[in-house]
Amino acid sequence: MTELFQTILLRVTLAGAASAVALRVVGGGALREIVKMAAGLLLLLALLQPLSGLSLLSWEGWTGTSQEDIDAIREQNTQTAMSTVAATIARAVEQRAEQEGFDCSVKVTMTNDADGILQIDRVTVYYGGSDAARLHELQALLTEECGVPASRQELIAK
């Protein structure tokens, strides 16, 4: 890092000296304005050119992140997404069932299909004793609201 600052300081000093000499030789007029602009660009180039080789934020030096770590993080993110989506769907189904007069709690499990798309795997409903006579309505509600066929629904009395 010290070498970088020394290089920048040396280049800026040389560019400044060259610019001062050029401005002294030119005199006045329109040419002086052009030389001023060129001197400014020269100073900017002297400052930025050494920084172009700097790679502090490069990914090349990171040896601590292995493919296994990346896969574990990806799996954790997938599980978090699945549980969040499942909880949201369960809450929405419970509210909808409550509107229809059912006293139940819902548990939803998610899975990825063959294409990797997140979908509902199973819906488990814990219903109250008074709802036993209306189970077919509850199953129809689950099929309509979640798109889950009766084969992937599980209805359990509380």
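The following paragraphs lead through a predicted model, from its helical pair to its sheet and then to some individual residues. Local features are described where pLDDT is at least 70 and side-chain atom pairs where pLDDT is 80 or more, whereas totals for chains, interfaces and linings use all residues. Residues are numbered from 1 along each chain as its sequence is written, and side-chain values use heavy atoms, with hydrogens and water left out.

Helix H1 spans residues 2-26 and helix H2 residues 30-48; helices here are DSSP runs of H or I with at least four residues, strands are runs of E with at least two, and both are numbered from the N terminus. The two helices pack at an angle of about 175 degrees with their axes 8 Å apart, where axes are lines fitted to C-alpha atoms, for helices over the stretch in contact, and angles run from 0 to 180 degrees between N-to-C directions. H1 and H2 are therefore roughly antiparallel, a label given to angles over 145 degrees. Their contact (heavy atoms within 4.5 Å) involves residues including Ile 8, Val 12, Ala 15 and Leu 23 of H1, and Leu 31, Val 35, Ala 39 and Leu 43 of H2.

The sheet is open and consists of three strands in the order S1-S2-S3, with mixed pairing; strands count as paired if DSSP finds at least two bridges between them. Because S1 (104-112) and S3 (153-157) each have a single partner strand, they stand at the edges, and one side of each is left without a neighbour in the sheet. Neighbouring strands are turned by 20 degrees against each other on average, direction ignored.

Val 125 has Leu 155 of S3 as its bridge partner, while Thr 124 stands opposite Glu 154 and Tyr 126 opposite Ile 156.

Helix H4 (residues 135-146) lies across S2 and S3, running at about 140 degrees to S3.

In the loop between H4 and S3 lies Gly 147, which touches Leu 142 and Arg 152 when residues up to four places away in sequence are not counted. The C-alpha atoms of Gly 147 and Thr 13 are separated by 73 Å, the two residues being 134 residues apart along the chain.

Finally, the charged end of Arg 134 sits over the ring of Phe 102, 4.1 Å from its centre; this requires NZ of Lys or CZ of Arg within 6 Å of the ring centre and within 35 degrees of the ring normal.

Terms used
Parallel < 35°, antiparallel > 145°, perpendicular 65-115°, else oblique.
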